[in-house]
Amino acid sequence: MEIEIKHELPDSDWEIVSQTLKAVGMAYYEPHVHKKAFENSHTSIFVYYIGRLIGFGRAISDGVYQAAIYDVAIIPEFQKKGIGTTIIKNILSNLPSCNFILYAMPGKEDFYRKLGFRKMKTGMAVFRNADNMKFRGFTE
Ligand SMILES: CC(C)(COP(=O)(O)OP(=O)(O)OC[C@H]1O[C@@H](n2cnc3c(N)ncnc32)[C@H](O)[C@@H]1OP(=O)(O)O)[C@@H](O)C(=O)NCCC(=O)NCCS
């Protein structure tokens, strides 16, 4: 499958970002909110297949030693074809001196494990929607 990988933010397609995150059960917002989040990120990756946006991901970072990965999602029909791996590898190689953290969707840990991620023992978080994040299995 021939895919195109872009770091530049798309002019449109923010509706697809919102819809994809919703479809895969991740937090989603109005399209303009995602646009702002990606604009304010250090590294953004967008994957296209025949001109159609099919996956994306981003990292916030100081650009030197710390980074965090968010909003990695592939449209369901294009999952398990190596696109998620491509996105993560692109993000990691774009910030070669950084440590990376992320929190995986419950059940998706093995995807990240295969890419070299290890479970953190002391990860802590303040979530605005704390009850919901507990209910969904992210926190104690
Ligand atoms: C999780 C996700 C990003 C993985 O991307 P993908 O393109 O489907 O995965 P890849 O094809 O690159 O898979 C790479 C490896 O991870 C494994 N893998 C993929 N999804 C997995 C999952 N849900 N659970 C466990 N392993 C998984 C694959 O089997 C593959 O293993 P292999 O190399 O031994 O064959 C994608 O399925 C997705 O968008 N899921 C819904 C949203 C989501 O959960 N995002 C992550 C938020 S933390």
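Where is Asn40 found? Asn40 sits in the loop between helix 2 and strand 2 (43-49). Helices (H or I, at least four residues) and strands (E, at least two) are DSSP runs, numbered from the N terminus. Asn40 is exposed, because 10 other C-beta atoms lie within 10 Å. The cut-offs are these: buried means 20 or more other C-beta atoms within 10 Å of a residue's own, exposed means 12 or fewer, and partly exposed is in between, with C-beta atoms placed from the backbone. Ile60 is 20 residues from Asn40 along the chain, and their C-alpha atoms are separated by 7.7 Å.

This is a predicted model: local features need pLDDT of at least 70, side-chain atom pairs count only at pLDDT 80 or more, and totals for chains, interfaces and linings use all residues. Residues are numbered from 1 along each chain as its sequence is written.

**The whole chain**

The protein chain has five helices and five strands. Along the sequence they follow the pattern β-α-α-β-β-β-α-β-α-α. The C-alpha trace spans about 40 × 30 × 30 Å along its principal axes. Of the 140 residues, 23% count as buried.

**Helix 1 and helix 2**

Two packed helices are described by the angle between their axes and the distance between the axes. Helix 1 (residues 14-23) and helix 2 (residues 31-39) pack at about 100°, with axes 8 Å apart. Axes are lines fitted to C-alpha atoms, for helices over the stretch in contact, and angles run from 0 to 180 degrees between N-to-C directions. Helix 1 and helix 2 are therefore roughly perpendicular to each other. That label covers 65 to 115 degrees; under 35 is roughly parallel, over 145 roughly antiparallel, and the rest oblique.

Which residues meet? Trp14, Glu15, Val17 and Ser18 in helix 1 meet Pro31, His32, His34 and Lys35 in helix 2. Contact here means C-beta atoms, placed from the backbone, within 7 Å.

**The ligand shell**

The ligand is surrounded by 18 residues; the closest are Val24, Gln79, Gly84, Thr85 and Asp110. A residue is near a molecule if its C-beta atom, placed from the backbone, lies within 6 Å of it. Strand 4 (66-74), helix 3 (83-94) and helix 4 (109-113) are the elements that give two or more residues to this shell.

The table sets out both groups by class. Ala, Val, Leu, Ile, Met, Phe, Trp, Tyr, Cys and Pro count as nonpolar, Asp, Glu, Lys and Arg as charged, and the others, Gly among them, as polar.

| Contact of helix 1 with helix 2 | three residues | three residues | two residues |

Definitions and conventions: Two residues are in contact if their C-beta atoms, placed from the backbone, lie within 7 Å.
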